[in-house]
Protein chains: 2
Amino acid sequence: MTTPDDREPAGVTDVADPPAGEPAPEAQDLRDVHLRADFIERIRDAIDAADRERLKDLVQPLHSADIADLFEVLSAGERRELARLVGDALEPEVLSDLSTAALEDVLEAMPPKAVAEAVQQLETDDAIYVLEDMDEATQREILRRLAKEERAAVEEGLAYPEDSAGRLMQRDLIAVPEFWTIGQTIDYLRAQEEDEVPADFYELIVVDPAYRPIGSVPLSRVLRCRRHIRIRDIMDPNPHIIHVATDQEEVAREFAKYHLISAAVVDDSGRLVGVITVDDVVDVIEEEAEEDILALAGVSEGDVNIGIFEVSRARFIWLIVNLGTAILASLVIGLFDATIEQMVALAVLMPIVASMGGNAGTQTMTVAVRALATKELSAANAARIIAKELTVSIINGALLAIVVGLAALAWFHDIGLAAVIAVAMVINIIAAGLSGILIPMALDRLGIDPAIASSVFVTTVTDVVGFFAFLGLAAAFLL
Amino acid sequence: MTTPDDREPAGVTDVADPPAGEPAPEAQDLRDVHLRADFIERIRDAIDAADRERLKDLVQPLHSADIADLFEVLSAGERRELARLVGDALEPEVLSDLSTAALEDVLEAMPPKAVAEAVQQLETDDAIYVLEDMDEATQREILRRLAKEERAAVEEGLAYPEDSAGRLMQRDLIAVPEFWTIGQTIDYLRAQEEDEVPADFYELIVVDPAYRPIGSVPLSRVLRCRRHIRIRDIMDPNPHIIHVATDQEEVAREFAKYHLISAAVVDDSGRLVGVITVDDVVDVIEEEAEEDILALAGVSEGDVNIGIFEVSRARFIWLIVNLGTAILASLVIGLFDATIEQMVALAVLMPIVASMGGNAGTQTMTVAVRALATKELSAANAARIIAKELTVSIINGALLAIVVGLAALAWFHDIGLAAVIAVAMVINIIAAGLSGILIPMALDRLGIDPAIASSVFVTTVTDVVGFFAFLGLAAAFLL
């Protein structure tokens with residue numbers, strides 16, 4: 001598409017300023033711009049040549065997020081080489097933009113001194129992200145190299161449970177008392193040293209004398225008010241407050257639901273301890289939806305970036321669990337081997353009943369799992385949703401029964417067989433609908449993540465009911 | 001949990017200030033607080049009694065997002081009743097917080113005058129969301145009732161393609177020339193009328209004389225600088241710019257990747273036409289991940305909220321497509337009916353081969369679909385990822401072959417049968433791995449959404465290859 005001589009630094013986003021009249025850029029083009037294959041090739045060549053200077057020239061013009069993407073695209077070995085060669089010349093934000101799997105490779109290859117220097121410059125929440133999955137010895141070594149204050153902040157953050165608000169939050173924040181005027185506030189902000197204020201903030205948090213948040217003021221409002229106006233007269237009372245131990249999934253849901261830009265984080269005594277901003281939450285939202293989608297298929301998060309043996313092992317466990325389901329289904333078939341011997345058409349048709357049940361069950365289950373995750377399904381509407389799924393199952397079961405029954409009749413010219421498969425189909429689609437909604441709800445109530453465990457149970461139900469209904473009816477009525 | 005006499009308005013979030021020493025609130029509790037079953041019951045009673053005053057008392061203390069959630073939980077009939085009774089007393093933001101399905105019900109029941117009044121007060125992007133799915137006649141009627149300026153803005157927005165940056169963006173924005181000082185900027189902001197500035201903004205956009213964005217300044221920086229400092233000296237050059245026709249999925253990816261809070265939107269000539277803020281993008285991120293997860297299972301978006309017949313129809317189409325796959329598998333089995341008649345154990349075991357292939361294929365396919373959506377999988381690393389999937393398939397295929405072969409041996413005491421199922425298993429797991437990665441990549445290259453179409457093709461491969469390999473090998477070597 002473009003030659004290496006192009007002026008624009010390879011890999012850098014450039015959606016702006018398309019020549020007038022040209023069609024809008026399409027997703028395909030954008031991806032090429034992000035990380036063009038020819039750019040990656042040049043990186044690979046420079047890695048092979050261990051050419052530190054050339055790599056620095058290639059990489060340094062890029063945005064930290066693009067450098068992170070570059071690491072993701074490379075293999076584990078290439079990542080380590082690149083980190084070894086230019087790790088000390090990267091912006092620290094590259095580390096916090098990496099996936100956990102790529103981060104592990106990069107940290108392995110970077111000298112502890114360079115890691116400590118990077119961590120020192122990161123905001124607390126990003127520093128915690130970089131450090132939290134390290135083995136303890138390395139983590140201690142890095143922490144030892146940090147300045148005292150930074151170390152205390154990071155250690156405090158690491159003391160909060162994984163995936164909690166305490167790990168997501170930023171400790172640097174601007175809190176003001178309600179009796180201040182706009183003028184006092186602005187003078188206070190101007191008087192702060194550069195490293196005493198957060199890099200970016202969007203709201204002032206108003207606190208009472210016990211340092212409990214009692215309001216918030218968007219910066220746009222501060223800017224538009226005259227100096228003599230008091231904070232208490234322009235603040236939004238009842239600020240959105242998050243407890244430090246809240247799970248990040250819940251934090252993300254609050255942000256999305258209430259369109260928050262930032263929220264105050266408090267400890268058990270209601271005292272302000274930090275602030276979470278929306279840019280950190282965006283990552284969480286992506287991560288949580290990703291987790292559900294992968295869990296439903298029996299794949300672990302970060303599958304694309306981890307090594308072959310880890311992937312094999314994680315997926316194998318899931319396959320073995322499903323093998324249990326498959327063998328159970330075979331045992332059901334085994335009960336009817338005499339029936340099948342007499343009428344081999346049953347063996348030909350039986351997978352249709354089981355697999356259509358599986359498909360219908362997966363449909364309902366997926367909707368239920370997501371509705372539970374987004375809280376669209378709760379005790380308040382459970383009865384209505386179950387009734388709806390049952391009705392949908394009866395309708396689609398009946399329609400499928402007609403289609404499949406007619407197909408079986410056309411194929412085997414046996415009205416009894418056609419009737420049996422039609423009835424078995426209705427039974428199995430209803431079983432699929434009910435198990436698809438009830439199993440995720442039951443798991444959720446038991447505190448088990450329905451995304452991970454539902455599909456095994458639902459498939460077991462649809463396989464067992466499908467084969468049993470079809471072969472059982474055949475044994476009873478056809479022979 | 002709580003009595004109706006509790007002081008806190010039912011349904012309102014309250015994660016703040018847990019009594020010291022009590023454990024952190026858990027997700028289960030939070031959900032109950034959000035929309036407690038007993039609160040919903042009181043709403044239902046008031047709807048049944050058509051008691052407008054009681055409903056207003058119940059609903060008005062809630063945050064608009066909680067009122068929207070309330071509508072989602074109710075049935076379509078209850079939604080319409082509630083909208084009819086208190087629709088004119090709701091904050092306009094309730095409408096833009098509703099899902100498309102619930103919005104349709106609510107708009108149906110609200111008088112056009114009330115809808116127009118609400119739309120008039122919404123920001124452009126939210127107004128567009130409310131209007132975009134209406135039938136044309138109603139839309140025209142609402143537009144006619146809007147003030148001239150608001151109407152023009154909404155009509156312009158509706159002229160952009162669905163799901164484009166043009167529909168997401170806010171038209172009210174603050175743009176300043178680079179030669180202004182901080183003092184001039186602040187005076188300008190203070191001089192604006194309330195309705196001339198956006199409700200919330202986080203950055204100033206710096207424009208050149210042709211109104212093209214050339215920089216941005218976070219408000220926190222404006223606040224911290226003295227009045228005499230010039231914008232050009234503190235602005236971030238190269239602002240993140242989005243073309244007005246860019247797809248919202250791409251917009252969301254840019255925001256997530258570069259941790260943006262807001263971004264300038266430009267037209268074909270590079271002129272600033274609007275601004276997108278992160279709170280609108282959070283919705284898009286949730287929506288897009290949701291779409292993929294549901295599409296993989298053959299369910300359409302908003303399934304939880306649409307009517308029974310629409311749901312049945314949408315899901316039935318998917319089931320019929322999958323029925324094709326199932327019948328194809330049956331045809332393959334039909335080829336070997338004589339073989340099965342001679343050895344009924346084949347009928348008992350054959351679903352194991354097909355279903356394990358289906359599971360392994362789904363694992364790979366889900367990873368591939370998500371990696372394509374997040375651009376983690378691209379031309380630059382395709383070869384590496386395909387090689388990895390092939391290796392994982394060989395490893396897991398071999399391991400499963402051993403387990404299943406031994407199980408078959410223990411069950412049927414037939415070493416030939418055990419060998420055949422083991423070999424068939426290896427073949428099918430490899431077929432599953434390759435089709436799981438190659439089919440989504442091929443669909444993506446053809447411009448077809450891999451989330452929607454992949455699973456039918458992958459299942460077809462694993463069913464056909466599974467039955468054919470197992471029964472074919474059995475026919476060739478066992479009889």
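Just after helix 20 of chain B, Lys375(B) takes a positive phi of about 65°. (Helices here are DSSP runs of H or I with at least four residues, and strands are runs of E with at least two, numbered from the N terminus.) This is a predicted model, in which local features need pLDDT of at least 70 and side-chain atom pairs count only at pLDDT 80 or more, while totals for chains, interfaces and linings use all residues. Residues are numbered from 1 along each chain as its sequence is written, chains are lettered from A and ligands numbered from 1 in the order in which they are written, and side-chain values use heavy atoms, leaving out hydrogens and water.

Let's step back into helix 20 itself. Residues 345-373 of chain B make up its 29 residues, and it reaches 43 Å from first C-alpha to last, close to the 42 Å expected at 1.5 Å a residue; that expected span is 1.5 Å times one less than the number of residues. Of those 29 residues, 27 are buried, so helix 20 of chain B is largely enclosed by the rest of the structure. Buried means under 20% relative accessible area, exposed over 50%, and partly exposed in between, using a 1.4 Å probe and protein chains only.

How do the two chains relate?

Now for the charged pairs in chain A. A salt bridge is a side-chain nitrogen of Lys or Arg within 4 Å of a carboxyl oxygen of Asp or Glu, and the structure holds 44 of them over all chains. One of them joins Arg80(A) and Glu108(A) at 3.2 Å, N to O. Arg80(A) lies in helix 5 (residues 76-86) and Glu108(A) in helix 7 (residues 100-109) of chain A, so the pair ties together parts 28 residues apart in sequence. Arg80(A) is partly exposed at 29% relative accessibility, and Glu108(A) is exposed at 53%. Both belong to a network of salt bridges that also links Arg79(A) and Asp105(A).
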